[in-house]
Amino acid sequence: MRDKFFLGVIFTFVLTATSCVKTKVPAACGPTPSENQMRVQEMESYAFVHFSLNTYTDQSWGFGNEDVNLFNPEKSDCRQWARICKEAGLKGVIITAKHHCGFCLWPSKYTEYSVKNAPWKDGNGDMIREMADACKEYGLKLGIYLSPWDRNSADYGKPEYITYFRNQLTELLTNYGEIFEVWFDGANGGDGYYGGANETRKIDRTTYYDWKNTYALIHKLQPNCVIWNDGGDRGDLRWVGTEEGSVGETNWSLLNATGDVPWNNLHFGLETGNAWVLAEVNTSIRPEWFYHPNEDNKVKTVPQLMDLYYHSIGRNGTLLLNFPIMPNGLIHPTDEKNAIEFGQAVKESFAVNLAQKAKAEASNIRGNEKDFGAAKAIDDDKDTYWATDDSVNIASLTIDLGKPTLFNRFLVQEYIRLGQRVKAFSVEALVDGNWKEIARATTIGYKRILRFPAVNATQVRFNVIDSKCSPIISSIGIYDAPVFLNAPAIVRNQSGKVSINTNDIGPIFYYTLDGSEPTANSIKYTGPFAADGKVVVKAISYDPTLRKSSPVGEEKFGISKNNWKLVGISDDKATALLDGDPSSVWHQRDLKMPIDLVIDLGSNNSVCGFKYLPDQNKWSSGIITTYQFFVSTNNINWKLVSEGEFSNIKNNPLMQIKSFAPVKARYIKLRALKNTYGDDVAGYAEVDVITE
Ligand code: FUL
């Protein structure tokens, strides 16, 4: 009996001792992500599709009065879209159920402005149903873009519209299965059709939609759904302040929960933020969101898409990549090819983690190796991690690769369920017996990937230099990724000289002027060359060491600008708007709106359109939003040939292209009526004409 008692005591002692050995998991540091946010973060990349009446009118934003009869995508096939997304490695699709024009891709019972009154499938079509079915078939998640701004609705701006908006949201969130994300664009109020009123309606986007109750409705109908909102109330994900496809190199998944979000916080997050709001990088595979035939040669190439990958997922963000749908209802073959090759390039880049078979050792470990040792960072298990004592915020982890190993990428992940911590880190490599720093960066978060020229090293050291709390690292990867050359940029100055250049180091260029595809046997570029008048220049970068070529860069130049003159302007700097260089800008500042820019083309031409590139610095004033365009043969009698808005120019300052019926013109006049600041400045990076 006594023996049994002693055995019991010893057993209890051993049990207590072993459980004491298990070190406590670190406490959370600041805000942490919700399960819904974790799910979307781990999806990493997903697609947008933009399809609406704009697709048929070549517009970016419809006014709200476009004819529903235009909508007839005779080959429409959501299965094609889903297949492409799947093959490109994207995990879901967010579809523009309703864009700003108010046209609905589903037969909403609350409006007549929808597919039910369009010729497509004799009014029996439902694009959201087809998208939902296709997503199911291809194992993708479905998301919904429902524009808060509705330029068709007669009630927009009145309280009644909020009921309408919520009714539509309810239809979308109850009839199509699980929805992973709803997307509320920030463009709100302004000119519109509004049921025939044709007026300007302004709302306060922070209060008008009563977001609190709208969010409650979403949470009730779709508890697993995340909310993206750039329109006045913080959602689960945030806009990154640009549509060009990059979040800040420093990127905290934190924001303050209330108040307006300054641009810096959108782009970089806020280290001291009191809410978890992760960054979603939204951009299009083409310059614009909707399909425009003149962008068929402007589809992002694989190197551009890879840059996008490193500037979004590689910087602790998710990637939302848009596909514009063509009028026939399909994704264009170039977009398809580039997206699928991009998916393959990502797979190839991260196929072999050279760190996984290595030995890892850390300068400090929380408790014992078994629980929080360095090996936990390279064990391919996202739920285990290397952690240090609570008091530590400077620490190193060394990976011994055993032999000289070539690599050019370093990937690191924090265990963000316990908060985002690291403020600064560096990576060193042991090359020929000497340690050298190969990269240095700030935040990590869910995932950070650094690119650098290839090194051949036997060991790699990851140093946390500064951290908000003790670092917790769930994964480290070392990769030898393929390098892709970017297509070169081609520009032409006013006197007709063409220059070709790139940001890549080392390549040479080959080009053609006859429309044929350039190869390493085409004309070798040795410096700017003369190619005035209408011409197509196609060029490639070629790296003779790697024996690799870039995709083809292509520019279609119009008539010669050699004899163009700016009428009534004495400022020499004004020629910046004709110099072919998108980074040089000229502003007219000392006038009152409307502000005219008159150009003498030197001779009569059959003009059928014009191009306007705004200042590429979106903070600058002078970015024209409302315009008129006139032509004349004598600088006395003017004819108005085009007028309207440069939609979305603030968030996406692209080259604006407007076409009209051909007309004889020697003089052109671009009249600025409004700019993004509402002041009296008109700025121009480039102005050009399109001729027959
Ligand atoms: C913008 C919108 O105004 C664009 O048309 C597009 O839908 C984009 C995703 O968001 O701000």
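The model is predicted: local features need pLDDT of at least 70, side-chain atom pairs count only at pLDDT 80 or more, and totals for chains, interfaces and linings use all residues.

- Strands, like helices, are DSSP runs numbered from the N terminus (strands: E, at least two residues; helices: H or I, at least four).
- Two strands pair if DSSP finds at least two bridges between them.
- β25 (residues 535–543) is mostly covered, with eight of its nine residues buried; buried means under 20% relative accessible area, exposed over 50%, and partly exposed in between (1.4 Å probe, protein chains only).
- β25 runs antiparallel to strand β27 (residues 553–557), and five bridges join them.
- Strand β22 (residues 508–512) is also antiparallel to β25, again with five bridges; Phe509 has Ser541 of β25 as its bridge partner.
- Two bridges join β25 to strand β26 (residues 548–549), in the antiparallel sense, and here Asp543 is partnered by Lys548 in β26.
- The hairpin of β25 and β26 has four residues between the strands, and Arg547 in this hairpin takes a positive phi near 55 degrees.

**The three-stranded sheet**

- An open sheet of three strands has the order β20-β21-β24, with antiparallel pairing.
- Its edge strands are β20 (489–492) and β24 (529–530), each of which pairs on one side only.
- Four bridges link β20 with β21 (residues 497–501), and Ala489 stands opposite Asn501 in β21.
- β20 and β21 form a hairpin with four residues between them, where Gly496 in the turn has a positive phi of about 90 degrees.
- On the other pairing, two bridges join β21 to β24, with Ala530 in β24 as the bridge partner of Lys497.
- In a regular strand the side chains alternate between the two faces of the sheet.

**The ligand site**

- Of the 13 residues around the ligand, His50, His99, His100, Tyr145 and Asp185 come nearest; a residue is near a molecule or strand if one of its heavy atoms lies within 4 Å of it.
- An N or O atom in the side chain of His50 is 2.7 Å from an oxygen atom of the ligand.
- For His99, an N or O atom of the side chain is 2.9 Å from a ligand oxygen atom.
- Tyr145 places a polar side-chain atom 2.8 Å from an oxygen atom of the ligand.
- Taken alone the ligand exposes 290 Å², of which the protein buries 98%; accessible areas come from the Shrake-Rupley method with a 1.4 Å probe, and for residues only the protein chains shown count as cover.

**Asp185**

- Asp185 is found in the loop between β4 (179–184) and β5 (190–192).
- Asp185 counts as buried because its relative accessibility is 12%.
- Leaving aside residues up to four places away in sequence, Asp185 touches His100, Tyr145, Pro148 and Trp228; contact means heavy atoms within 4.5 Å.
- The side chain of Asp185 reaches the backbone nitrogen of Ala187 at 2.9 Å.
- Asp185 and Phe462 are 277 residues apart in sequence and 40 Å apart in space, C-alpha to C-alpha.

**His292**

- His292 lies in the loop between β11 (278–284) and α9.
- With a relative accessible area of 5%, His292 is buried.
- The side chains of His292 and Asp58 make a polar contact at 2.6 Å.
- A polar contact is a pair of N or O atoms within 3.5 Å; within protein, one must be able to donate a hydrogen and the other to accept it, and residues adjacent in sequence count only if both atoms are side-chain atoms.
- Not counting residues up to four places away in sequence, His292 touches Asp58, Gln59, Ser60 and Arg286.

**Helix α10**

- Helix α10 (residues 333–349) has 17 residues and should span 24 Å at 1.5 Å a residue, which agrees with the 24 Å between its end C-alpha atoms.
- The expected span is 1.5 Å times one less than the number of residues.
- Among the buried residues of α10 are Asp335, Glu336, Asn338, Ile340 and Phe342.
- The cover over the buried residues of α10 includes α4 (78–87), α9 (302–311), β12 (317–324) and β19 (472–479).

Methods. Residues numbered from 1 in each chain as written. Heavy atoms only, no water.
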